Amino acid sequence: MEQAERITAQVLEHPKLRKLSNEEKDDLKPLILRYVRRVLLQIKAHCNRNDVPEALEEVAAEITEDLLFSDRIIAEDKEVSSVSRGDTSITYRNPDSAYQKANDFMKNYECQLVHFKRMKLPIDPRDE
């Protein structure tokens with residue numbers, strides 16, 4: 001199985017996607033595969049690699065899930081931001097901030113990706 005397809009299968013195991021019917025999953029699969037390929041390309045560029053190690057597949061799946069949430073492909077439950085008891089008041093977080101939250105969260109993946117980064121060395125013409 002190709003790496004992108006393995007990661008797509010992991011994303012489809014997300015609890016919110018697991019509830020979908022097989023038909024709905026089949027409809028989403030090409031879109032998720034597209035997101036996975038974009039994430040793999042970004043990881044390769046960030047780490048200066050031609051491959052994505054197997055150890056980073058889980059990270060790629062998590063980044064893909066976050067992108068799917070931020071682009072609202074996967075519906076996110078409303079998060080409660082505050083609750084008051086007297087005369088009952090519940091405040092939900094602003095759904096527009098989900099995109100920024102996902103982007104900020106994605107940037108935190110650098111601490112995991114840095115371990116797989118390779119140095120970009122200048123090309124020596126004598127090596128050719």
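Predicted model: local features only at pLDDT ≥ 70, side-chain atom pairs only at ≥ 80, totals over all residues.
Helix H3 bends by about 35 degrees at Lys29, and a proline, Pro30, follows within four residues. The bend at a residue is the angle between axes fitted to the seven residues ending there and the seven starting there. Residues are numbered from 1 along each chain as its sequence is written, and side-chain values use heavy atoms, with hydrogens and water left out.

H3 covers residues 22-47, 26 residues in total. From first C-alpha to last, H3 reaches 35 Å, close to the 38 Å expected at 1.5 Å a residue; that expected span is 1.5 Å times one less than the number of residues. After H3 comes Asn48, whose phi is positive, near 55 degrees.

Which residues of H3 are buried? They are Lys25, Leu28, Ile32, Leu33, Tyr35, Val36, Val39, Leu40, Ile43 and Cys47, where buried means under 20% relative accessible area, with a 1.4 Å probe and protein chains only. These residues pack against helices H1 (3-12), H2 (15-18), H4 (57-70) and H6 (110-113).

Let me turn to the protein chain. It has 6 helices and 2 strands, in the order α-α-α-α-β-β-α-α. Helices (H or I, at least four residues) and strands (E, at least two) are DSSP runs, numbered from the N terminus. Of the chain's 128 residues, 31% count as buried. Among contacts (heavy atoms within 4.5 Å) between residues at least 6 apart in sequence, 66% join residues at least 24 apart.

Conventions. Buried < 20%, exposed > 50% of the residue type's maximum accessible area, 1.4 Å probe, protein only.
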